[in-house]
Amino acid sequence: MSEFFATLEAILQETFLGISLSRFAGAFLVLIAALVLKRVFGHIFAKVIFPLAARTKSRYDDQFLAGIRKPAEFLLVIIGLFIAVQILRLPVAPVDLRRGAYALLKTLVTFDIAWALFNLVTLLETFLSGWVSKTESTLDDHLLPFIRKSLRTFIIFIAVIMTIQNLGYSISGLLASLGIGGLAVALAAKDTLSNIFGSLMIILDRPFHIGDWVKAGDMEGIVEEIGFRSTKIRTFAKTLITVPNNIIANLSVDNISRMPKRRIKLTVGVTYETSPEQMRRAVEAIRTMLRTHPAIDQDFFLVNFTDFNASSLDILVYCFTRTTVWGEYLDARQDVCLKIMDILEEHGMEIAFPSRSVYLRQAEEALPEAQGE
């Protein structure tokens, strides 16, 4: 038995690349322990941590744990590799193996962090989808996959850049070339980028929704579709206007559908034959009519004799309807106009129309008669 241990000790003292076999054996045992610990950690995740997270009402913790599980297991392997490198004490000459090993470990750590962040983008997408589902617009539905892909592409790009740097290569030249190439791409895709930012402004500001009656510049109609690149407006002539989002985002949009009530503004002209008493009674009767009209909002209305016009005495009628629906508004406006006509007729007043009076004055002295010769 002593001979066996002596032989084993002699074997372990043998070296390879300047490293004893005993150190190789220690490093190998550490890696085996790390792999075993990885399996145990995965079992704890599956049997203990996940069931505990499933008991909560939120789904975010489930997705968070699912996103970090594999990267966390791989992190244990990286820790095992780091300890193994420390045990091996890799030589630095004639080839710097130690520096290469550390660079590899840094690359693995970068990959592991990028892997976790790549998976956690799903968590952000779930959070945003809950917000998007509450909106009527389809624009944010199109934008959500774009955000997910952009974030994941950015994570991969940063991971690649850090890996190149960890391997000892200079990235300044690469970044310079990417900057020139990015400038060229940005110039070529200027309109597309403008539409994307216009879409973001529409999502954040929400100046209109699908079905709203809007007026923007010389365009007026019903918003029929809000897309990722453009917005479609159906005009009242039944034509379809497609407006790029970067244009409509920079226009003043008058959203008529968001009026809480609609205005009625009338100027009723009556003839100059109207007496002051008739005018007072008519104005008060119109006020009473508006005060009791079921379609008129009672918060604010005005009825006043306002002007001596060229051919009429003007009464201002200013009020709001309770409804904002165009057809119902027209019915209410018509009823108000008819009731005003009834009131004027009841008080013996006539509605004036443009007219001109011509006055002829007879000469005070007749012209002398012509005398005969």
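A: In this predicted model, the count comes to 11 aromatic pairs, where rings of Phe, Tyr and Trp (its six-membered ring) pair if their centres lie within 6.5 Å, and planes under 30 degrees apart count as stacked, over 60 as edge-to-face and the rest as tilted. The rings of Trp 213 and Phe 236 have centres 5.2 Å apart and planes at 85 degrees, so this pair is edge-to-face. It links distant parts of the chain, since Trp 213 belongs to strand β3 while Phe 236 lies in the loop between β5 (230–235) and β6, 23 residues away. Helices (H or I, at least four residues) and strands (E, at least two) are DSSP runs, numbered from the N terminus.

Because the model is predicted, local features need pLDDT of at least 70 and side-chain atom pairs count only at pLDDT 80 or more, whereas totals for chains, interfaces and linings use all residues. Residues are numbered from 1 along each chain as its sequence is written, and side-chain values use heavy atoms, with hydrogens and water left out.

Buried means under 20% relative accessible area, exposed over 50%, and partly exposed in between (1.4 Å probe, protein chains only). Trp 213, at 13% relative accessibility, therefore counts as buried, whereas Phe 236, at 48%, counts as partly exposed. Tyr 318 and Phe 320 form another edge-to-face pair, 5.6 Å centre to centre with 85 degrees between the planes. Tyr 318 is buried at 18% relative accessibility, and Phe 320 is buried with a relative accessible area of 16%. Ring pairs also join Trp 213, Phe 236, Trp 326 and Tyr 329 into a cluster.

Strand β3 belongs to an open sheet of five strands, in the order β6-β5-β4-β3-β7, with antiparallel pairing; two strands pair if DSSP finds at least two bridges between them. Its edge strands, each pairing on one side only, are β6 (240–244) and β7 (253–255). Strand β3 (residues 213–216) pairs with β7 in the antiparallel sense over three bridges, and Val 214 stands opposite Asn 255 in β7.

A second open sheet has three strands, in the order β8-β10-β9, and its pairing is antiparallel. The edge strands here are β8 (262–270) and β9 (302–308), each of which pairs on one side only. Six bridges join β9 to the antiparallel strand β10 (residues 313–321), with Asn 304 standing opposite Leu 316 in β10. Helix α9 (residues 276–292) packs on this sheet, touching β8, β9 and β10, where contact means heavy atoms within 4.5 Å. Helix α10 (residues 326–346) also packs on the sheet, touching β8 and β10.

In α9, the residues Gln 278, Met 279, Ala 282, Val 283, Ile 286, Met 289 and Leu 290 are buried. They cover an arc of only 130 degrees around the axis, which puts them on the same side of α9; the arc is that of the directions from the helix axis to the C-beta atoms. An α-helix has 3.6 residues a turn, so residues three or four places apart point the same way. The buried residues of α9 pack against β8, β9, β10 and α10, while Pro 276, Arg 280 and Thr 292, on the other side of α9, are exposed.

Notes
Axes fitted to C-alpha atoms, helices over the stretch in contact; angles between N-to-C directions.
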